[in-house]
Amino acid sequence: MDEEMQSLRENNTFTLSSLPEGKKAVGGRWVYAIKNNMDGSEKCKARYVAKGYSQMRGVDYEETFSPTANLTSIRVVIQKAAQENLILHQMDVKTAYLNAPIDHEIYMEQPEGYEVESGTSEKLVCKLERSLYGLKQSGRNWNKVLHEYLTKNHFEQNQADNCVYTWETENAKVIIVIWVDDLLIAASDENVLRDVKDMLTDRFKMKDLGKLRHFLGIDFNQGDNCVRMSQTKYVGKILDRFNMQDCKPRSTPCEQKLDYTDGAEKMTDVRKYREAVGSLIYLNICTRPDISFVVSKLAQYFTEPTVEQWATVKHVLRYLRGTIDKELYYRKCNETLGINAYSDADWAASNDRRSTTGYCVSLTKCGALISWKTKKQPTVALSTCEAEYIALATTIQECLYLKQLLENLDKCQYSPPRVYEDNQGTIALAKNPVSRQRCKHVDIKYHFIRSTVNNGTVMLEYCPTNEMVADILTKPATKNKLIKFAAFIFGR
């Protein structure tokens, strides 16, 4: 706690004053945590935070939104690092929020154990000068300070992802990805990297963590013209947490049929189910597209899970036990980078007859994936063609976002994304303004597909069903399909 108080004083976080009439002091409390260091050791940490829930909108704060980087953007940067042999490092900003000035007049209780008394009987409070952890607007204030400093030093904010910044000359290139106070830096050479680190250290108290090894619960390993992303340790922690570390492995993420009975016994420990599925959701969105379908299915039963759904959760954990070393392997490709996407749908497969959308995207023809998703469609489709058409719209949206992201990173024009579809009727509907009985009711918002295809913004191509990679994102995957598509999904 002494270290935290010293940090608060060094940053001139507050000044002691009496509480003005009509003002209400925001509460505060000490928060204790155990931090894991890079060398595996543990560190006990205390932090004095504000009780932000007691703030009043319009009085203590206005806007609270603060962006964080998209995980897809991180994977794009990793693929580009492998392609262009960029050096990957990471840095951490110490007491980041304390660098941002406060934007409202806020008074706060003094830290317990460090109270200072006035010469009179009047009680003193802290008038905040800096954004303290716990305040609703602190994240936003910090992001604004960092943004202004980076743009002042000639970094350009990416319009597709506001937490990605680039600086490029004829002979040098730097990409910075921001996740609150954690910075991922990709640089073309050591000299440029050192200059960027010095620039950041001149303004903020930084902790140089060296080569990128562990970021957001993901392990990274950079080699010659390749970068690997994995969550082996994270999977191990999940298995230990739910006593599945010695379970018998399974070869598929789930059974081939997930038909749950309506009258199945309800789980008594609902929190356990939510914690397990929540852990799987994070694993899925980071590095494991192969469990996307089953995780999406399990997430639909958060309210009243049954023992049957819990059995599926344990099946997924057994699959992870057998595939704990799976990793995304990004490597240099002889061809230039380009967006390759696969789009698929499973028509009316759920109990409420809504179809499932699935897509996956890679920047090289040999993988690994940089983006993927499984989601239930918002409306009931009346045919397979309509379900595939709705899924195609979602896929093209992602492709257009990725194209903007890449072109802002490189300041060059990329070739149109190639989207592969296995339904001939959907391809015909996307290319021609058909208005017949089976498709005249389709919501107009999905017809933006036609303009993107007809003006050449997107290249739509047919893909045989047995070659459709996105098929494993819309229905339970067989062992043979997982093996067949592993090279494209994981990169090898």
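Helix axes here are lines fitted to C-alpha atoms over the stretch in contact, and angles between them run from 0 to 180 degrees between N-to-C directions. The model is predicted.

**α9 and α10**

Take helix α9, residues 384-410, and helix α10, residues 424-431. They pack at an angle of about 60°, and their axes lie 8 Å apart. Angles of 65 to 115 degrees would count as roughly perpendicular, and those under 35 as roughly parallel. α9 is therefore oblique to α10. The crossing of α9 past α10 is right-handed.

| Helix | Residues in the contact |
|---|---|
| α9 | Cys385, Glu388, Tyr389, Leu392 |
| α10 | Gly425, Thr426, Leu429, Ala430 |

By class, the residues of this contact divide into five nonpolar, two polar and one charged.

**α5**

Helix α5 spans residues 232-241. Its buried residues are Val235, Gly236, Ile238 and Leu239. Seen down the axis of α5, these buried residues fall within an arc of 160°, so they line one face of the helix. An α-helix has 3.6 residues a turn, so residues three or four places apart point the same way.

What do the buried residues of α5 pack against? Their partners are α6 (270-286) and α8 (307-322). Lys233 and Lys237 sit on the other side of α5, and both are exposed.

Asparagine 243 follows α5. The phi of this asparagine is positive, near 55°.

Conventions
Residues are numbered from 1 along each chain as its sequence is written. This is a predicted model: local features need pLDDT of at least 70, side-chain atom pairs count only at pLDDT 80 or more; totals for chains, interfaces and linings use all residues. Side-chain values use heavy atoms; hydrogens and water are left out. Buried means under 20% relative accessible area, exposed over 50%, partly exposed in between (1.4 Å probe, protein chains only). Helices (H or I, at least four residues) and strands (E, at least two) are DSSP runs, numbered from the N terminus. The arc is that of the directions from the helix axis to the C-beta atoms. Contact means heavy atoms within 4.5 Å. Angles under 35 degrees count as roughly parallel, over 145 as roughly antiparallel, 65 to 115 as roughly perpendicular and the rest as oblique. A crossing is left-handed if the near helix is turned anticlockwise from the far one by less than a right angle, and right-handed if clockwise. Ala, Val, Leu, Ile, Met, Phe, Trp, Tyr, Cys and Pro count as nonpolar, Asp, Glu, Lys and Arg as charged, and the others, Gly among them, as polar.
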